[in-house]
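Hi,

Here is the model I said I would pass on.

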Amino acid sequence: MNPPAYPPRPLPGLGFQAIGAEEEALVLEVLRRKEPFRYYGSDPAKPPPMAAQLEQEFRQYIGTDYALAVTSGTAALEVALAACGIGPGDEVILTAWSWIACFTSIVRVGARPVLAEIDASLNLDPREIARLATPRTRAVLVIHYQGVPAAMEPIELEAHRRGLYVIEDCAQSLGARYRGRHIGTWSDIATYSFQYSKVATSGEGGMVVTRDRRLYERAVRMSDLGNYRPVHAAQVPPQEPAFVGGQFRMSELTAAVALAQLRKVDRIRDHCRALQARIVPRLQGLAGLQLRPVADPAGDIGFELYLFLDRPEWVAPFRAKLDARNVNCGQRTGTYPQYNRDYVKTGLAHAPAASPFRDFKEWPAPGYRAEDFPRTEDLTKRFIALPIGWRYTPADADHIADSVLAVHREGLG
Ligand SMILES: Cc1ncc(COP(=O)(O)O)c(C=O)c1O
């Protein structure tokens, strides 16, 4: 008997799959002007326009007051933390299930990351703030994991009630909304990434947004060696003292690609949402299998669908059967719990005195070991992630749903 013929495996990917004539045209503009640096070019009176235009369209798109283009999402995190004045002696709460840079950026500014449990949405469990806050806590870093908005209302209420900054990391979720408002507008300051795997990409790149004039000025200074140049001073006149910053300035070439991509975000989101809407209703109510709960389904981008199976040992065979049907089903989308990472196991920074863990007598201390995160451990061992990409078709979406149903019918155990 011939093996069943399945449709070809669809090509995954978001923004980079949508690169085309628009990106080419804007990059060529920069090259033809011979002005790849954002702050000055051939005419000293007229700074090049691309990064400034990207910032303007970005803040309009998100619905906020200020946007600052930087070199990466990691840089954006360091800039946002520094803008808030977070440093040695301070603690920042973030989910144990988050991207490497969420943890490392906190260490890099000298503060201590405090790890929180996720809930079944794979985002921060808002109740964790009350459990983990200490007199040293300065901020909650909220990661909107893979296109799905976190429950910002309870998080923001709980954090602000305690006088903590809320920082949103929107790197994976440009275009997502919560209660009708873009994510990134629910916090004091928020960050984005234009890295290759993101909804919109320029290979590398990042953005910081805020409504707070002081945080904006401090973010600019942190991103540009303490400088505060005229293009920024025209938006917010300088009021803050200069301090030692890093160098995280976005180039005009990067801005050109990011700008063309930003203009495509809603189309990418609508495409993914439409395909996900073909799948989700068909997978509801299956025995032993649940879909990832979403705090606001209307605001989800829909580029990755998560199935939880009741038992962790069911996951590998289920995934293998989906894979055999040419369904893409990434194991962990590059994210691992922070407590399993090498740098957490050692607790080291680039120099011993720079480690926020240097005074701990034993390491890993409680709060940095797998056994301290039973819910994160349980949830992240029981899911299967099904990506939906810009190149996916309605037939691909239907094949995903057909395949999950067929594998489920074969039995979970
Ligand atoms: C949640 C999150 N934060 C921060 C980053 C860092 O962004 P970048 O790779 O642009 O430095 C990423 C990138 O993968 C991310 O997923």
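At what angle do the axes of helix α1 (residues 21–33) and helix α9 (residues 252–262) cross, and within what distance do they come? They cross at roughly 155° and come within 8 Å. That makes α1 roughly antiparallel to α9; angles over 145 degrees count as that, under 35 as roughly parallel, 65 to 115 as roughly perpendicular, and the rest as oblique.

Before the rest, some housekeeping. This is a predicted model, where local features need pLDDT of at least 70 and side-chain atom pairs count only at pLDDT 80 or more, while totals for chains, interfaces and linings use all residues. Residues are numbered from 1 along each chain as its sequence is written, and side-chain values use heavy atoms, with hydrogens and water left out. Helices are DSSP runs (H or I, at least four residues), numbered from the N terminus. Axes are lines fitted to C-alpha atoms over the stretch in contact, with angles from 0 to 180 degrees between N-to-C directions.

Back to α1 and α9: the crossing is right-handed, i.e. the near helix is turned clockwise from the far one by less than a right angle. On the α1 side, the contact (heavy atoms within 4.5 Å) is made by Glu22, Glu23, Leu26, Val27, Val30, Leu31 and Arg33. From α9 come Glu252, Leu253, Ala256, Val257, Leu259, Ala260 and Gln261. These residues divide into nine nonpolar, one polar and four charged. Here Ala, Val, Leu, Ile, Met, Phe, Trp, Tyr, Cys and Pro count as nonpolar, Asp, Glu, Lys and Arg as charged, and the others, Gly among them, as polar.

Next pair: α10 (residues 265–283) and α14 (residues 394–410) have axes that come within 8 Å and cross at roughly 20°, so they are roughly parallel to each other. This crossing is right-handed too. Leu275, Arg278, Ile279, Arg282 and Leu283 of α10 make the contact with a set in α14 that includes Pro394, Ala397, Asp398 and Ile400. The contact divides into nine nonpolar, no polar and four charged residues.

Then there is α3 (residues 73–83) with α4 (residues 100–108), at about 45° with axes 9 Å apart, and therefore oblique. Thr74, Leu77, Glu78 and Leu81 in α3 meet Ala101, Cys102, Ser105, Ile106 and Arg108 in α4. That set splits into five nonpolar, two polar and two charged.

Thr74 also turns up at the ligand. There are 14 residues around it (a heavy atom within 4 Å), and Gly73, Thr74, Asp169, Ser193 and Lys198 come nearest. As for polar contacts (N or O pairs within 3.5 Å), a polar side-chain atom of Thr74 is 2.5 Å from a ligand oxygen. A polar side-chain atom of Ser193 lies 2.7 Å from an oxygen of the ligand, and for Gly73 a polar backbone atom is 2.7 Å from a ligand oxygen.

One last thing to look at: the peptide bond from Trp363 to Pro364 is cis, with omega near -5°. Pro364 lies in the loop between α12 (342–346) and α13 (374–380).

Cheers

Terms used:
Helices (H or I, at least four residues) and strands (E, at least two) are DSSP runs, numbered from the N terminus. A polar contact is a pair of N or O atoms within 3.5 Å; within protein, one must be able to donate a hydrogen and the other to accept it, and residues adjacent in sequence count only if both atoms are side-chain atoms.
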